[in-house]
Amino acid sequence: MTIKSLTFRNIKFVNIILLMIAFSFIVVSTASGEFVVQTIYFQPTDSEDNSDALDIDNMMKSIQDTYRNEMDRHGFGDKTFELETNKEGEVVLHKVKGDRDKAHYSFNTGSIVIKELENKGYNDKHTFYNVIMAGMRTVQGGAGGTARARPWGAWFGNGDSQYSGYCISTEKDRDRTEQIIRHELGHLFGLWHLSSDESMMGLWGWGDKLNFHEARWLSRNHYFNGKWHHSFGPNTIKFHGAKVFEFDKISFSATISDRDNDDIFQVYAWVNSNIIGWQFFDGTKHTVDVVIDSVSRNALPNSGSITFQAMDIHGNWMIDFPQSYSLPAQINKNPDLNVVKDDIEEDFCAVCDTQEDVSLNITSKNILATSWAAIKSE
C-alpha cells in the first residue's frame, strides 16, 4: 500500500513537472520565435532609468499598429512585424547596463553598442534589436538614430544565413522616440528616404504613412511573414549608365538577375540614401531590365554612385555594390534649363546618422549602415 501510494505521488509529481516544462516551452516559443523585434533599454554608466516615462509597451505596440494599418490601407491585409512579448502579452523590455559612459557612445555609436550587445548575447540571426539609448540626446556624433541590417536580407552562401539587425535611437520625449524608432525600423526592413513629411521614411522622420511601393516591398519581407526562404538575393549583373531622358531629366538602367533563378519582385534605386525610383515586376522572370527615368538632374550630383536594391518573390533582398556614373551633358538649348549643380547641398535626415558611414559599410558583406547626413542636435 505504501509503495503504491508513493508511486502514485511520484507519477503526479512527474506529470506536474512535465506540464510546467511544456507550458514554459510554449511561452518561450511565443516570445522568442524567428523574425521578432526585441526591445532593449541600453543604459550607459552615467544615465538614469527613465523607461517608465516612455511607456515602452504601448509605444512599441503603437509602432506595430501603424505598420499594420498602413499595410491594410494599401490592400495587403493586416500584416505587421512581431514583437517579443511575455505570457501576459506585454512587450519584453531588456534592460542592459553599458560598460562605459554616454560620452563613449556618442560617436561611432552603432559599432560600439552592437559589439557590446553581441558580447552580452544579443546576436540572434533572425532578430531585430530595437535599442533605446538611455539619457542620450544624439548618437553617431549628432543624429537621432541609426540602423544596421545584416546581411542585407539575403544569404551569401557562406553557411551563415541570417537576416538580423540593430536600430538604435536616442531617448527623446515619448512621441519623438516613437517616430525615430518607427523610421529606423523601416531601414532594417529595407526602406530608404523620401522627400515627404507625411512618410515615416521622410528625412525628418515625423510622418506615419507608408507609400504603396513601401507596403508592397514589406508584403514579402521576412519580418512581415515570419518565414525564411534560404536563398541568395538578386544582384546587378550590368549597369547601363545614365542617359538624358528629356530636358533636365535623367534615366538610369541596369540588368538585375537572381543567382538561384528565383523571380524578381521589386527593385529600388537610390543615391545618397534617397530613393530616386523603383520598378515592380510580376514575379515571372529571374532576369529583368530595370529602367529608372524622369529623375531630376538637380536632384543628383554631377557624378557619383547609384545603388540598386532588389527583392525576389520569396522576400530575399540584396543591396548591391554602388555603380559609378557621370551625368551626360545637358542637351537642351534653353539656357534656363542648363543650370547644373556641381556640388549639391546634401539633404539631411533628422533621424539618421552621418553620411560617411555609408561609404565605409556599403563595401562590407557583413554589415550595412543606414547612416546618413549629419544633423544638428534637436
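Where is the place of Phe35? Phe35 sits in the loop between helix 1 (2-31) and strand 1; helices (H or I, at least four residues) and strands (E, at least two) are DSSP runs, numbered from the N terminus. This is a predicted model, in which local features need pLDDT of at least 70 and side-chain atom pairs count only at pLDDT 80 or more, while totals for chains, interfaces and linings use all residues. Residues are numbered from 1 along each chain as its sequence is written, and side-chain values use heavy atoms, with hydrogens and water left out.

Phe35 has a phi near 60 degrees, a positive value in a residue other than glycine. Phe35 is buried, with a relative accessible area of 1%; buried means under 20% relative accessible area, exposed over 50%, and partly exposed in between (1.4 Å probe, protein chains only).

I turn to the loop between strand 5 and strand 6, where Pro151 lies. A cis peptide bond joins Arg150 to Pro151, with omega at about -15 degrees. Trp152 belongs to the loop between strand 5 and strand 6 as well. Although not a glycine, Trp152 has a positive phi of about 70 degrees, and Trp152 is buried, at a relative accessible area of 1%.

Finally, helix 5 (residues 109-119). Its buried residues include Val113, Ile114 and Leu117. On the other side of helix 5, Lys115 and Asn119 are exposed. Just after helix 5, Gly121 takes a positive phi of about 100 degrees.
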